[in-house]
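This report covers two topics: an annotated site and the surroundings of a ligand. Please look at the structure first.

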Amino acid sequence: MPVTTASLGFPRIGAHRELKFATEAFWAGKLDEAGLLEKARALRAANWKRQKDAGIEVIPSNDFSLYDQVLDTSVMVGAVPQHYRHLGAADSLEVYFAMARGTRSEPAADHGCAHGHDSGADVRALEMTKWFDTNYHYMVPEVGPDQAFALGTRKPVDHFVEALALGHHTRPVILGPVTWLLLAKSTVDGFDPLTLLPRLLPVYIELLQRLVAAGADWVQVDEPALVLDLGDEAREAYRVAYRALAGVADAKLMLATYFGALGDNLGLALDLPVAGLHVDLVRAPEQLAQLLDKAPADLLLSLGVIDGRNVWKADLAGLLGRYEPVVRGRAAVQIAPSCSLLHTPIDLALESELDPQVVEWLSFAVQKLGELHVLALGFNHGPRVIADELAANEIAIARRRASSLTNNAAVRARVGAITEKDSRRGEGLAQRIARQEGILNLPPLPTTTIGSFPQTGEVRKARAAHGKGALGGADYDRFLREETERAIRWQEEIGLDVLVHGEFERNDMVQYFGEQLSGFAFTKAAWVQSYGSRYVRPPIIYGDVARPAPMTVSWWDYAQSLTGKPVKGMLTGPVTILQWSFVRDDQPRRDTCRQIALAIRDEVNDLEAAGARIIQIDEAALREGLPLRQADWPAYLDWAVEAFRLAASGVASETQIHTHMCYSEFNEIIAAIGAMDADVISIETARSRMELLDAFATYQYPGDIGPGVYDIHSPRIPTVDEMAGLLAGASERLPAAQLWVNPDCGLKTRKWEDVKPALVNMVAAAKVARAGLF
Ligand SMILES: Nc1nc2c(c(=O)[nH]1)N[C@@H](CNc1ccc(C(=O)N[C@@H](CCC(=O)N[C@@H](CCC(=O)N[C@@H](CCC(=O)O)C(=O)O)C(=O)O)C(=O)O)cc1)CN2
Ligand code: MET
Ligand SMILES: [Zn+2]
């Protein structure tokens, strides 16, 4: 006693996506810098107030970011690579957004000149990759052996002061030095960023001193890397780092870990000279006993008891019961969400159209803070003072458990009847490829794209109008057909070999399917940041999953009717649908994934029956779903691969199954990728200059491979030469007969004016490579 409530971070995008609209307007030159900063300030003020109003005692600052908190940290410690520095002051928005997005010289007015023009003024963006096992992406810090650090920006101090002026004494959040270094990438082969720690620490010390001088007492230092498998160097880095930071007088550190168990790093974490330790007890409740056993009595424990990664209402009575002895046994305890609420939607109150039965089971960021407040009242004053809240909560939990909505007997029977042969194609890969070649008659190095074409303002407007009832179903359909037809005609014109319909009818590659599957709820406003100004509305899987009717067949059918070239059927795979949805927590993820796999299998089979000869099943999130600890990999990969195979194995040998993955470091899981047994896989490789292919070569990957030849995250137009060069590089690593030619990923975030010259160049590069190799 007593128990205090804390928030580790609140979503910064705004309940109505204010941050997206402000940053995009700024980039488009429609909002000036002062305007952008004012919007950002208003969002912070609103967030602090919201959290205070929810009854939270420890409110964070510096959880706000205009783009990404890892990028903020890089700029803060002065790690701005040389090639951005000419763009402006190191702490300017020009440099900041150039690191985030790259720059592009104005596109040449004459689109006829598609290749070869000087792109010397363009600066590439930093690499972007997944934040642990989430669908949030951070900008990878870049450092080298000559790296110098200096306090470049004072955002944590500025925001602390800003909050103070509004009456909030906040706890600033900073990304810890060891996690930051572990996430960093060296610009020089063989150099370990961790060795830069001694040079980095003075910057952190200065920052802490400035925070203290500004009036801060507690500082939250995020070190999620403490839940990973760590080598001896990293462990030693933790000891060195926190010994140094402990020397800053009057700064009390709350060391925050999340996304998993401390596991074998528990002793290390408890040895660090910090005043508080936050642990994730949602992902890893089992670590509590050991923690209580070993934690020094004066360590302030912050218990992450409310799920920061999912949307379900907490079982309040259960939590009170479980943590009562902890609270009684220690001098002081803090309760908090398991991690920053960045990964949850903001406010359930905005969902006016969700099934009220399902709404009763849910809790978004604002509601989660409310739950924390109620729990603290219960701990501090006894359950009687929260009797009403407990009663309502118990009813909701019980109704969810008993609901017929979550249960579909036919689905359960079907999953129960799955046999081993359901996840096996009729013949081996070599025979299948031979049969497919006979039918498809493709040239060597066939060219294709990953699926989506630009989601233009027009497409989104039409969909929004359709959603509001302002554009009738028939008109919306006609509009989408016209877009599709134009895309097909254009692909034929530029000479692509395998076409796509363009995905114009899809709002998102997961939400689109969620909306058509039963067992899924989808939201109106429940946006979550994926990267920068790009957000997603993950569907909510609350019940058994089934596919009442075909989801994509008519779009494929229409597109194929327009052309003699093969059009790929285009689906999102079961693991990716699972990974990018909010998943029910009342059964193992594996079980839910198998249900989705059967639904996708039905769609695959229907596409084949309609005549599709090539069907792509995207598994962009397969790698991201990998558990954070290596010991847990085999079990996950087993069921993830099985789910893909279940989806893909209902078709004849003649039907070619493609899969696509991006953001993937495949080296360690290449055997599992092989075990998926896809006929063709397209992967992201352009940014790593084909290095990724080494894994496929070493493993002697038997299927065809389409290594991405250009980075679709940047508006920069790749030249014929550079792509032909990449293909030559690919052919040094793998037999050319196995190679396809495609971009890194889908093109929906690009503009047609970027896509057109890029793909024209890509087709030309394939011709150059064919001439050289065949
Ligand atoms: N779920 C998911 N995760 C993923 C990816 C992905 O494609 N999907 N790709 C990788 C990268 N992540 C990405 C995440 C989001 C977006 C993206 O483009 N998001 C769009 C929203 C997509 C969407 O849901 N669009 C809807 C709603 C669009 C919208 O904002 N409509 C306006 C109205 C339209 C207008 O007047 O402009 C509104 O509702 O107010 C639609 O098209 O129907 C955005 O933030 O802008 C891209 C990549 C990894 N993770
Ligand atoms: C993030 S993977 C994207 C795959 C999808 N077919 C697309 O092209 O958009
Ligand atoms: Zn992709």
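Leaving aside its neighbours within four places in sequence, which residues is Glu684 in contact with? They are Cys662, Tyr663, Ser664, Gly708, Asp744 and Cys745, where contact means that the C-beta atoms, placed from the backbone, lie within 7 Å.

The model is predicted: local features need pLDDT of at least 70, side-chain atom pairs count only at pLDDT 80 or more, and totals for chains, interfaces and linings use all residues. Residues are numbered from 1 along each chain as its sequence is written, while chains are lettered from A and ligands numbered from 1 in the order in which they are written.

**Annotated site.** In an unreviewed UniProt entry, the annotation "binding site" covers His660, Cys662, Glu684 and Cys745; positions follow the numbering used here, feature names are shortened, and annotations may be inferred rather than shown by experiment. These residues span 86 residues in sequence, yet no two of their C-alpha atoms are more than 8.6 Å apart, so they gather at one spot.

Helices (H or I, at least four residues) and strands (E, at least two) are DSSP runs, numbered from the N terminus.

**Ligand 1.** Around ligand 1 there are 21 residues, the closest being Arg460, Ala464, Asn507, Ser530 and Arg534; a residue counts if its C-beta atom, placed from the backbone, lies within 6 Å. Helix H18 gives the largest share of this shell, five residues.

Conventions. Contact = placed C-beta atoms within 7 Å.
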